[in-house]
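Please walk through this protein with the model open beside the text.

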Amino acid sequence: MKQNDKNNIDRTIDSIENNEEQPTPHLEAVRHYWHFEDVSKRIMQYEEINVAKAYHYFSHAIHPKREWNIWKIAAAIAAAIIVAVLFIYPNHTQQPSQEIKTMLAKKIPVLSDSMPQIKLSNGQIIALNQPNTQINQQGIHAIVGNSSIVINTEEDSPVEMLELSIPRGCQYQVALPDGSIVTLNSGSKLRFPNTFKDKRNVILTGEAYFDVKKDGRPFSVTCPQGTIYVKGTTFNIKTYNSKQTYVTLYTGKVVYESQGQTVSMKPGDKLIQDGVNISLQHATTEEDRTWKEGLISFDDESLTDVMSDIERIYDVHVIYERNVDDLRFSGICKRNQSVESFMQIMGLTEEFEYEIQGKNIIIK
């Protein structure tokens, strides 16, 4: 593309962003521009928001002669959150780390009406919809944050199994009794004990990013197809069904065992299990953990795989009225945009047509 043409395209995109009416030829040019590599970066620019500037306009609109310092307000709110966290934290010898305080204050956007819930060993289910509260029952001591829960049960307590369920449209974090932090993606479940003894074992269905703390005890993650053994490391597991498992290792070392097969992994390795077949390859992108940073990314993936993720992320249902097996896509965008905005961007490829009816997305 010539530089002059690119400049014209950039001006058109600026104009679109300002809600100015566009001639059809200009819109077609932008549609064509989608096929160039830098278009996703160009579009991403408009997802960024200048908070200070927006608040300045808001303040003048409602109180022309009185302005508040947004940064002082933010600092006061942050201080209040930290004080609240310290106040409600159980009076145990081990106080929360700065990492856990930050986790408790973090708020992850929710894209559905459903809320995460934790199931106690007696079958009782507690909805995690009240931040800055405590749970003290059935052998569990925990703090509920904005989008997280911290398990702080004493080591001498009787072992009780817990199950944390994350519905579609949500993401959530849990600090396990040993201080390890697990970030769970939409539609995932994690089973774990309220306190760890000699061994640390958790059971995962779905997708999660693990930051395991070293404390001398073995740590393992059991998923439908196999088990990952670690001592202290960071890795991502994706295992939404019983036939496919993906493990990407970022730091440390892990060993994966499944059906008599044992595979040792080093940082940068990506393991893929499809049925009984296990392969090991180099992870060329950060795709497998970008979801943890609030992004939706896909690299040469089929449309059905992309839309399977979209179903979980936005709590929608996709209906196919045509065969789309030959369609593959690569891209990245922010998770906090609406499903309508995501589908509009996908539609720019002109590879398929779609219609949104309530919570159904129809691919035509």
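This is a predicted model: local features need pLDDT of at least 70, side-chain atom pairs count only at pLDDT 80 or more; totals for chains, interfaces and linings use all residues.

The protein has 364 residues, and 43% of them are buried. Its secondary structure comes to nine helices and 23 strands. Among contacts with a separation of 6 or more, 49% join residues 24 or more positions apart. The accessible surface is about 19,400 Å². Carbon and sulfur atoms make up 50% of that surface.

Start with a hairpin. Strand E15 (residues 254-258) and strand E16 (residues 261-265) run antiparallel and are joined by five bridges. Across this pairing, Tyr256 stands opposite Val263 in E16. Two residues lie between the strands of the hairpin.

Three strands form an open sheet in the order E20-E23-E22, with mixed pairing. Why is one side of E20 and of E22 left without a neighbour in the sheet? E20 and strand E22 (354-357) stand at the edges, and each has a single partner strand, so one side of each has no neighbour there. On average, neighbouring strands of this sheet are turned by 20° against each other, direction ignored. E20 pairs with strand E23 (residues 360-363) in the parallel sense, over four bridges. In that pairing, Tyr320 stands opposite Ile363 in E23.

Two helices lie across these strands. H8 lies across E20 and E23, and runs at about 150° to E20. Helix H9 (residues 339-347) lies across E22 and E23, and runs at about 170° to E22.

Next come the aromatic rings. The structure holds six aromatic pairs. In one of them, the ring centres of Phe210 and Phe219 are 6.3 Å apart and the planes stand at 70°, so this pair is edge-to-face. Are Phe210 and Phe219 buried or exposed? Both Phe210 and Phe219 are buried. Phe210 also pairs with Phe235. Here the centres are 5.1 Å apart and the planes lie at 5°, so the rings are stacked. The relative accessible area of Phe210 is 0%. For Phe235, relative accessibility is likewise 0%, and Phe235 counts as buried. Ring pairs also bring in Phe196, linking Phe196, Phe210, Phe219 and Phe235 into a cluster.

Strand E10 leads on to the charged side chains. The count of salt bridges comes to twelve. One of them joins the side chains of Arg200 and Asp215, at 3.4 Å from N to O. Arg200 lies in strand E10 (residues 200-211), while Asp215 lies in the loop between E10 and strand E11 (219-222), 15 residues apart. How do the two partners differ in cover? Arg200 is buried because its relative accessibility is 1%, under the 20% limit. Asp215 is partly exposed, at 35%.

A second bridge links Asp309 and Lys238, whose closest N and O atoms are 3.4 Å apart. Asp309 belongs to helix H8, and Lys238 to strand E13 (residues 234-239), 71 residues apart. Asp309 counts as buried at 16% relative accessibility. Lys238 is partly exposed, with a relative accessible area of 22%. Some of the bridges share partners, and these join Asp178, Arg200, Asp215 and Arg217 into one network.

A further bridge runs between the side chains of Arg168 and Asp315, at 3.4 Å from N to O. Arg168 is in the loop between strand E6 (161-166) and strand E7 (172-175). Asp315 is in the loop between helix H8 (303-314) and strand E20 (317-320). The pair links parts of the chain 147 residues apart. Arg168 is partly exposed at 32% relative accessibility, whereas Asp315 counts as buried at 15%.

Notes: Residues are numbered from 1 along each chain as its sequence is written. Side-chain values use heavy atoms; hydrogens and water are left out. A salt bridge is a side-chain nitrogen of Lys or Arg within 4 Å of a carboxyl oxygen of Asp or Glu. Buried means under 20% relative accessible area, exposed over 50%, partly exposed in between (1.4 Å probe, protein chains only). Contact means heavy atoms within 4.5 Å. Accessible areas come from the Shrake-Rupley method with a 1.4 Å probe; for residues, only the protein chains shown count as cover. Two strands pair if DSSP finds at least two bridges between them. Axes are lines fitted to C-alpha atoms, for helices over the stretch in contact, and angles run from 0 to 180 degrees between N-to-C directions. Rings of Phe, Tyr and Trp (its six-membered ring) pair if their centres lie within 6.5 Å; planes under 30 degrees apart count as stacked, over 60 as edge-to-face and the rest as tilted.
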